[in-house]
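Walk through this structure with me, one feature at a time. Keep the sequence and the 3D view side by side.

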There are 4 protein chains.
Amino acid sequence: MPHQYVITFGCPDRSGIVAAISTFLAEAGGMIAEAAYHTDPDTGWFFTRQVVTAGSLPFDVHELRDRFGAVARSISPESEWRVTDTGERRRVVILVSKDGHCLYDLLGRVAAGELDVDVSAVVGNHRPLGDITRAHGIPFHHVPFPKGDPEGKAAAFAEVAAIVGFHDPHAVVLARFMQVLPADLCAAWAGRALNIHHSFLPSFVGARPYHQAHARGVKLVGATCHYVTADLDAGPIIEQDVTRVAHGDSVSDIVRKGRDIEKITLARGLRWHLENRVLVHGTRTVVF
Amino acid sequence: MPHQYVITFGCPDRSGIVAAISTFLAEAGGMIAEAAYHTDPDTGWFFTRQVVTAGSLPFDVHELRDRFGAVARSISPESEWRVTDTGERRRVVILVSKDGHCLYDLLGRVAAGELDVDVSAVVGNHRPLGDITRAHGIPFHHVPFPKGDPEGKAAAFAEVAAIVGFHDPHAVVLARFMQVLPADLCAAWAGRALNIHHSFLPSFVGARPYHQAHARGVKLVGATCHYVTADLDAGPIIEQDVTRVAHGDSVSDIVRKGRDIEKITLARGLRWHLENRVLVHGTRTVVF
Amino acid sequence: MPHQYVITFGCPDRSGIVAAISTFLAEAGGMIAEAAYHTDPDTGWFFTRQVVTAGSLPFDVHELRDRFGAVARSISPESEWRVTDTGERRRVVILVSKDGHCLYDLLGRVAAGELDVDVSAVVGNHRPLGDITRAHGIPFHHVPFPKGDPEGKAAAFAEVAAIVGFHDPHAVVLARFMQVLPADLCAAWAGRALNIHHSFLPSFVGARPYHQAHARGVKLVGATCHYVTADLDAGPIIEQDVTRVAHGDSVSDIVRKGRDIEKITLARGLRWHLENRVLVHGTRTVVF
Amino acid sequence: MPHQYVITFGCPDRSGIVAAISTFLAEAGGMIAEAAYHTDPDTGWFFTRQVVTAGSLPFDVHELRDRFGAVARSISPESEWRVTDTGERRRVVILVSKDGHCLYDLLGRVAAGELDVDVSAVVGNHRPLGDITRAHGIPFHHVPFPKGDPEGKAAAFAEVAAIVGFHDPHAVVLARFMQVLPADLCAAWAGRALNIHHSFLPSFVGARPYHQAHARGVKLVGATCHYVTADLDAGPIIEQDVTRVAHGDSVSDIVRKGRDIEKITLARGLRWHLENRVLVHGTRTVVF
């Protein structure tokens with residue numbers, strides 16, 4: 001991939017926003033590799049994402065931030081914006097429990113060069129996924145979450161928070177972690193903690209969604225990648241997908257079919273998050 | 001289509017059921033054009049659907065019913081079975097309100113020879129869909145449902161019940177009818193009233209599901225064809241499908257995209273119902 | 001829908017194009033309702049589509065064309081651009097043969113208010129689709145194409161060309177027309193003649209694609225909506241979709257399942273074409 | 001999984017086949033866990049697959065083969081049948097080149113307990129996939145295929161054949177192996193060599209299918225899992241799937257999106273093959 005800067009920007013819509021941003025970039029000689037715009041008619045909010053070839057600008061990312069910040073403020077005092085540099089390698093910490101399918105999938109994508117990130121660490125509630133993690137040259141931290149022991153769990157979360165804090169990753173991925181994050185961690189990791197829920201939300205919130213789906217007799221099951229918020233399974237949705245099931249599928253068949261959807265949905269959501277394609281606005285997302 | 005008899009059968013599973021049925025058919029010389037079997041491991045219930053070429057049997061459908069009934073009873077006193085004759089033309093009554101997309105679609109399929117049924121009548125809460133109905137040579141009954149007038153509604157339902165009763169159809173199709181059936185009609189039409197709900201159930205039960213979907217920010221919307229029961233939007237699901245939506249889709253875009261899914265899902269569900277492919281067991285369906 | 005102007009524009013990519021266009025629009029006070037950009041890395045060609053609220057500009061569509069034309073020429077002498085006015089109602093002529101499923105679908109969409117166009121005329125190689133066409137209040141022209149009679153066919157095409165020429169429609173839709181257009185009509189209708197081919201092109205070019213698909217044993221069949229060019233079934237693809245088939249599906253089952261995909265794919269392609277979302281570049285399309 | 005016997009059977013259709021098979025099983029007390037039937041109307045060939053709970057029969061798999069063989073011969077001298085024992089662990093040999101995505105996926109599925117097989121060996125044309133293979137405790141054989149050296153290639157194939165011959169696996173999986181099998185290996189491995197081709201066959205046969213797809217401007221790309229035959233990319237298709245691409249997708253985006261489809265399609269096809277769900281008849285498959 002060429003070296004690029006990614007600008008994301010949002011503010012209340014008015015005439016002249018695109019002109020202001022594109023004129024700024026054009027006057028600096030910036031070549032736009034990719035650009036997307038959206039105005040939400042319900043909220044009247046304007047969103048854009050622009051990808052600029054780094055080498056086309058006569059200044060570095062710090063000066064781009066200074067200059068673009070001034071443009072953003074001139075457009076609106078309510079502007080929300082961010083400039084990221086693809087030259088800065090993305091770091092990810094993955095949290096797992098016993099089920100390894102999402103972890104295997106993510107590690108395979110990284111090893112195959114398909115997902116260009118550093119997995120800084122994997123944290124596991126149980127030991128068995130340590131071997132594959134270490135085989136990929138990635139540190140594995142075993143942090144047990146004792147059942148029915150609130151203090152023990154709080155201590156475990158503090159340990160996880162310390163590990164995540166040490167690596168300061170661009171994404172914390174709950175890859176079938178199976179523990180409900182406490183409100184303080186939801187806040188601390190806001191906008192960068194991604195969960196994969198094994199249902200097509202808002203159907204089948206909570207525990208054992210595939211069992212719920214089987215009992216209801218649905219003809220499709222799905223998975224949802226969403227940002228983690230204090231409200232369980234209700235965070236802004238990044239991506240969803242479904243697969244067909246039939247009367248002949250037992251719960252274990254549904255689990256198996258659903259796993260393929262979980263893996264793909266999580267991988268897509270994570271990629272889009274790391275490429276700064278996902279802009280959150282209230283409880284909804286814009287995915288450019 | 002060749003003339004066929006369709007046998008559906010269910011009972012508690014045990015060894016020898018298939019042998020008993022297939023031996024009965026083989027001894028009568030019956031050629032099986034299609035056969036499907038399923039055992040539900042949760043309930044231990046066995047289901048089968050067999051399609052026999054009518055001309056291969058030395059007796060008519062009445063004698064087939066007599067003979068097969070004896071076989072069924074010998075297999076299990078709990079047997080539930082049915083023998084239908086494809087030589088008997090299927091009749092359908094369609095209930096509509098203002099939105100015509102499902103009606104246009106069904107009438108088009110019938111006219112194109114794709115859905116081989118007689119539409120005996122269309123009943124509309126409003127007048128505008130009368131013209132297209134009559135253009136297809138089908139009687140249209142305008143039965144208004146006065147808002148906020150329980151007695152008027154009860155009288156309207158009685159009129160609809162009379163029309164349906166007169167035609168005694170194989171299926172009553174609620175093609176975006178938008179009125180909640182009273183419990184007595186749910187009972188009277190049990191197992192032959194099909195509704196199309198414009199969401200991927202159990203998500204977004206009730207009113208304005210596309211608005212609910214937009215507000216939640218889901219990335220796919222769907223439709224569900226189900227049997228009508230007294231429990232709103234909770235009847236056994238026959239078929240579901242979904243289509244992708246994105247942040248750029250307004251509610252009216254979602255409505256438009258969803259309609260294509262509604263039409264297809266309803267048409268599939270209706271076809272399967274009329275071909276006796278759908279066996280209901282509790283709140284779930286087997287679709288052979 | 002609000003009154004809007006749709007600008008489509010393409011030229012060799014260079015820095016400053018977006019700035020030039022958006023500054024022009026901003027200085028005129030134009031509110032951009034929708035905007036999309038794409039640069040093709042293979043050809044180095046830049047594409048954009050901008051939707052401007054008509055009422056936000058202080059001039060009419062003619063002056064917008066004059067002014068935007070000057071901007072376009074100043075950006076590049078190779079610019080290709082178009083400004084269309086959603087206030088001008090779209091006209092469509094539909095060509096059919098015997099199979100009515102696509103015609104029924106399009107007429108139903110128009111009647112249901114889902115596809116906001118005038119169907120100026122339907123031209124049929126056979127008579128049976130005349131009734132439904134006239135029931136929708138649309139003129140039907142029966143123009144027979146005599147088999148094995150090249151002169152008769154040429155005369156028939158001349159008649160079709162005269163009908164189309166009279167209405168000068170925004171789209172000529174070959175809705176399972178089954179006749180190969182002569183080169184002069186391909187040229188005359190270039191960029192506005194849409195065909196629906198009942199396969200997932202480039203698989204199964206030519207006659208009886210569903211039979212070909214069945215013989216090959218594929219597990220999915222599809223449909224392709226494309227612009228008609230002199231090279232049969234090789235025109236730029238606007239939209240494609242597929243549906244699953246299985247070993248139990250006979251050719252007639254595949255035909256039936258495929259029809260749903262044909263209808264939806266054609267309807268999507270036609271909508272996008274009429275909304276000027278489709279930009280052709282060589283043998284490929286950009287669909288904004 | 002419970003211990004089961006899987007019976008597959010095919011012969012020219014006639015009345016009484018199901019009765020003969022099911023009576024044989026019923027008289028032995030066999031509980032049928034799963035049964036499927038199909039008659040191909042084109043060839044008049046009957047197919048069935050029956051899964052019997054091993055413990056319900058009073059004899060072992062050898063005697064089941066003897067007894068069922070007699071039944072099969074009594075039904076038709078042209079009968080083709082097979083009885084397999086799920087108690088016999090399935091063995092797989094995987095052939096790879098440089099691209100590891102399918103290998104990572106398969107190894108992850110095996111490690112996660114999702115695909116219950118022994119991977120006896122992985123054979124690689126290049127070295128890099130050796131590490132991950134060994135990390136899973138599986139032997140890796142590096143067998144280079146020298147470019148432009150027919151004798152060297154023949155020697156390499158002989159070495160691969162020896163490795164495969166030693167393990168005598170139930171499936172030889174060409175997981176993006178990129179070498180065309182010689183006719184003698186196609187023959188030796190007939191019916192158990194599975195390839196994943198990265199296109200929706202019959203589109204884009206041969207080299208660089210994603211590049212071909214991009215050049216043609218298709219709106220969906222796919223993958224095909226098929227049995228390897230001497231006729232390149234023309235073997236019986238087991239499974240296919242597709243994913244949507246758009247004008248903004250470069251060839252490398254298409255490659256990435258396509259890989260997810262390759263992995264899933266190969267995994268599905270391999271599972272069905274190993275469960276004896278795939279019956280080949282001519283150039284087509286029945287997948288029960």
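Helices α1(D) and α2(D) are roughly antiparallel to each other, because their axes make an angle of about 160 degrees. Angles under 35 degrees count as roughly parallel, over 145 as roughly antiparallel, 65 to 115 as roughly perpendicular and the rest as oblique. In chain D, α1 covers residues 17–27 and α2 covers residues 61–75. Their axes lie 10 Å apart. Each axis is a line fitted to C-alpha atoms, for helices over the stretch in contact, and angles run from 0 to 180 degrees between N-to-C directions. Helices (H or I, at least four residues) and strands (E, at least two) are DSSP runs, numbered from the N terminus.

This is a predicted model: local features need pLDDT of at least 70, side-chain atom pairs count only at pLDDT 80 or more, and totals for chains, interfaces and linings use all residues. Residues are numbered from 1 along each chain as its sequence is written, chains are lettered from A and ligands numbered from 1 in the order in which they are written, and side-chain values use heavy atoms, with hydrogens and water left out.

Stay with the chain D pair. The crossing of α1(D) and α2(D) is right-handed. A crossing is left-handed if the near helix is turned anticlockwise from the far one by less than a right angle, and right-handed if clockwise. Which residues meet? From α1(D) come D:Ile17, D:Ala20, D:Ile21 and D:Phe24. They meet D:Leu64, D:Arg67, D:Phe68, D:Val71 and D:Ile75 of α2(D). Contact here means heavy atoms within 4.5 Å. By class, the contact of α1(D) with α2(D) has 8 nonpolar residues, no polar ones and 1 charged. Ala, Val, Leu, Ile, Met, Phe, Trp, Tyr, Cys and Pro count as nonpolar, Asp, Glu, Lys and Arg as charged, and the others, Gly among them, as polar.

Now turn to chain C and another helix pair. Helix α7 (residues 209–216) packs on helix α8 (residues 251–274) at an angle of about 120 degrees. Their axes are 10 Å apart. Helices α7(C) and α8(C) are therefore oblique to each other. The crossing of α7(C) past α8(C) is right-handed. C:Tyr210, C:His211 and C:His214 make the contact from α7(C). Facing them in α8(C) are C:Val251, C:Ile254, C:Val255, C:Gly258, C:Arg259 and C:Glu262. This contact of α7(C) with α8(C) has 4 nonpolar, 3 polar and 2 charged residues.

Chain B has its own α7 and α8. There, α7 (residues 209–216) and α8 (residues 251–274) pack at an angle of about 120 degrees, with axes 10 Å apart. That makes α7(B) oblique to α8(B). The crossing of α7(B) and α8(B) is right-handed.

Next come the loops. In chain A, a cis peptide bond joins A:Leu201 and A:Pro202, with omega about 10 degrees. A:Pro202 lies in the loop between β9 (193–197) and α7 (209–216) of chain A. In chain C, a cis peptide bond joins C:Leu201 and C:Pro202, again with omega about 10 degrees. C:Pro202 lies in the loop between β9 (193–197) and α7 of chain C. Where does B:Asp168 sit? It is in the loop between α5 (150–167) and β8 (171–174) of chain B. Phi of B:Asp168 is near 45 degrees, a positive value in a residue other than glycine.

One stretch of chain A carries a record label. The UniProt annotation "domain: ACT", from an unreviewed entry, covers residues 6–82 of chain A. Over that stretch the chain is 34% helix and 36% strand. Its end C-alpha atoms are 8 Å apart.

Finally, see how the chains relate.

Methods:
UniProt positions renumbered as here; feature names shortened; annotations may be inferred.
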